Structure formats: structure tokens, C-alpha cells
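Hi there,

Here is the structure I promised to pass on.

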Amino acid sequence: MQDSSSVDAPQPEAALPLGMPATRKLSNHELGLLVLILLTDTPRYGSDLAQAIETLSKGFYRPSPGMLYPVLAKLTEQRCLVKERRGRRKYYALTDEGKRYLATRRDSGEQIYQRLQRAGQKLQRLHEVLSETTESPSQALPMAQELMTARMDLKAALYKTQHLSLEAQEEVLTILRDAAERIRACTQRHSN
């Protein structure tokens, strides 16, 4: 696991302490840890893992095959997983090496697990509110997902401003105040 391209290598767009990255919900490393946790008790095949992640996050996140299968391949290459064909499906199981690897990173993995659960709970609450206030309930979930993504994108953008100059911080402050005022005005217009 010393390979610089390993699942354990830091990612340039690592998750933010209080949220998810703006461009992806999980980095390869984070998805790898989550996969190891989900395989702790029972072997699973790829789409079953994706479904388990989607269920955990209440529909907030389902890794694409293009994201999940390279992570599974890398973990297999690193001997953290073993792959076994059963009929048409390839099942992945945690190896002793994978258990040791996870044991040293369990806290990080649990944080990722809990972060996805919290995001799913927020999405579910937002979806419930939107379902009550919209004329078309089928639009509520996509809108809730878009709102969650926009909020996380804003958090990610703000996180990147913390080391800016005082002048730049003042510009960010002006933008935030303007955005807050526009949101309040929108709320007032639509509350009447």
C-alpha cells in the first residue's frame, strides 16, 4: 500500500471538515474506507455496495460504476479485498490485510459513514418540507438534491477563502451579505 496512486493517497479535493467536497461527494480514499466498512460483516457485489451507500445516505449519494469499480479494483490489488465469482456476479470480501488496514483507519471511516448518514437525514427533511409546499411532489426530491448540492458548494467555496487577504475577505463578506439579503427578499416575496 505504498503506491502513490493507492486508495489511501490524499486527494486534491478532500472532503471538508463540516461537509462534502463541491465536485464529488466522496474522494477515492473515502469511498474505499466506506467500502471496507460495508464489507466488514458480509461479502457484497458492486451494485449491492452502491445500493447500500444510497440507502445509508437516503438517496443523497450513490457512487457511479466509474467511481466504485476502480476503487474495488485498487483495494483488490492492494490485497484488502478478495474477489469471488458467484454466477454472473463478482462478490468482494474483506481480507485479513483489509481488516488490519481498516483497523488503523476505523475512525476516519466511521466519520465518513456518519457524514453520509447526516447528509441523508438533511436531504430527507428538506424533501419532506418541499413535498408539502410544492404543487408537483415529483419535483421535490430533485430540488432537494440541488439545494443540498448548492449549499455544500457554498460551504466548499467559503472554506477555500480562509487564507485570503483582508481585502479579499471584505469582498467575500460583501458577497455573503448581498446573497443573504437577496434570499430574505425572495422569502418575503413568496411568503405573502
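Below is what I found, going from the whole chain down to single residues.

First, some ground rules: this is a predicted model, so local features need pLDDT of at least 70 and side-chain atom pairs count only at pLDDT 80 or more, while totals for chains, interfaces and linings use all residues. Residues are numbered from 1 along each chain as its sequence is written, and side-chain values use heavy atoms, with hydrogens and water left out.

**The whole chain**

The chain has seven helices and three strands; helices (H or I, at least four residues) and strands (E, at least two) are DSSP runs, numbered from the N terminus. Reading along the sequence, you get the pattern α-β-α-α-β-β-α-α-α-α.

Of the 192 residues in the chain, 35% are buried. Buried means under 20% relative accessible area, exposed means over 50%, and partly exposed is in between (1.4 Å probe, protein chains only). The chain exposes about 12300 Å², and carbon and sulfur atoms supply 51% of that; accessible areas come from the Shrake-Rupley method with a 1.4 Å probe, and for residues only the protein chains shown count as cover.

Now take contacts (heavy atoms within 4.5 Å). Among those between residues at least 6 apart in sequence, 57% join residues at least 24 apart.

**Helix α1**

Find helix α1, residues 28–38, and you will see Glu30 there. Glu30 is buried, with a relative accessible area of 8%. The side chain of Glu30 reaches the backbone nitrogen of Ser27 at 2.8 Å. That is a polar contact: a pair of N or O atoms within 3.5 Å, where within protein one must be able to donate a hydrogen and the other to accept it, and residues adjacent in sequence count only if both atoms are side-chain atoms.

Leu33 lies in helix α1 too, and is buried at 1% relative accessibility. Leaving out residues up to four places away in sequence, Leu33 touches Tyr101, Leu102, Arg105, Ser108, Gly109 and Ile112.

**Two residues with positive phi**

Most residues other than glycine have a negative phi. Lys58 has a positive phi of about 50°; look for Lys58 in the loop between α2 (46–56) and α3 (65–77). Arg79 has a positive phi as well, about 65°, and sits in the loop between α3 and β2 (81–86). Lys58 is partly exposed at 41%, while Arg79 is exposed at 64%.

**The largest pocket**

How much space lies in the largest pocket? About 360 Å³. On a 1 Å grid over the protein atoms alone, a cavity is a set of points where a 1.4 Å probe fits but cannot get out, and a pocket is an open set with protein on both sides within 12 Å along at least five of seven lines; lining residues have an atom within 4 Å of a point. Grid points are joined across faces, edges and corners, and a volume is the space filled by probe spheres set on the points.

The lining of the largest pocket includes Leu130, Met143, Arg151 and His190. Two elements give two or more residues to this lining, α6 (140–159) and α7 (166–191), and α7 gives the most, with five.

Enjoy exploring!
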